[in-house]
Amino acid sequence: MSNINPTLDTMVNEFKDYANKTYISDDKKRNEIIYLYNMKENYKNGTPGEDGKVPTLGDIMHCIYYLRWEKILPF
């Protein structure tokens, strides 16, 4: 079980809430953010993701940067 910064944990949870409210009719964008949430949970619990690897903090940050770059997350 990995220790995750409580701020990062809360932030990703809020991203998921944002996705569920904002992207009701856009499955692709909503699922991109849910993927980030699942990655964070896998990191937090030390469980492998879809690719069979436990995500790292760097993987999570890379995903957040990607979502911002693609303007899926506007903040």
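Modeller: This is a predicted model, where local features need pLDDT of at least 70, side-chain atom pairs count only at pLDDT 80 or more, and totals for chains, interfaces and linings use all residues. Residues are numbered from 1 along each chain as its sequence is written, and side-chain values use heavy atoms, with hydrogens and water left out.

Biologist: How far does H2 reach from its first C-alpha to its last?

Modeller: H2 spans residues 27–45, which is 19 residues.

Biologist: Are H1 and H2 roughly parallel or roughly antiparallel?

Modeller: Axes are lines fitted to C-alpha atoms, for helices over the stretch in contact (heavy atoms within 4.5 Å), and angles run from 0 to 180 degrees between N-to-C directions. The axes of H1 and H2 are 9 Å apart and the packing angle is about 155°. Angles under 35 degrees count as roughly parallel, over 145 as roughly antiparallel, 65 to 115 as roughly perpendicular and the rest as oblique. H1 is therefore, relative to H2, roughly antiparallel.

Biologist: How many residues of each class does the contact of H2 with H3 have?

Modeller: The axes of H2 and H3 come within 10 Å and cross at roughly 165°, so the two helices are roughly antiparallel. Residues making the contact include Ile-33, Leu-36 and Met-39 of H2 and Ile-60, Cys-63 and Leu-67 of H3. Ala, Val, Leu, Ile, Met, Phe, Trp, Tyr, Cys and Pro count as nonpolar, Asp, Glu, Lys and Arg as charged, and the others, Gly among them, as polar. The contact of H2 with H3 has 11 nonpolar, no polar and 3 charged residues.

Biologist: Is Lys-71 buried or exposed?

Modeller: Lys-71 lies in the segment after H3, and its phi is positive, near 60°. Most residues other than glycine have a negative phi. Exposed means over 50% relative accessible area, with partly exposed between that and the 20% limit. Because its relative accessibility is 64%, Lys-71 counts as exposed.

Methods
Helices (H or I, at least four residues) and strands (E, at least two) are DSSP runs, numbered from the N terminus. The expected span of a helix is 1.5 Å times one less than its number of residues. Buried means under 20% relative accessible area, exposed over 50%, partly exposed in between (1.4 Å probe, protein chains only).
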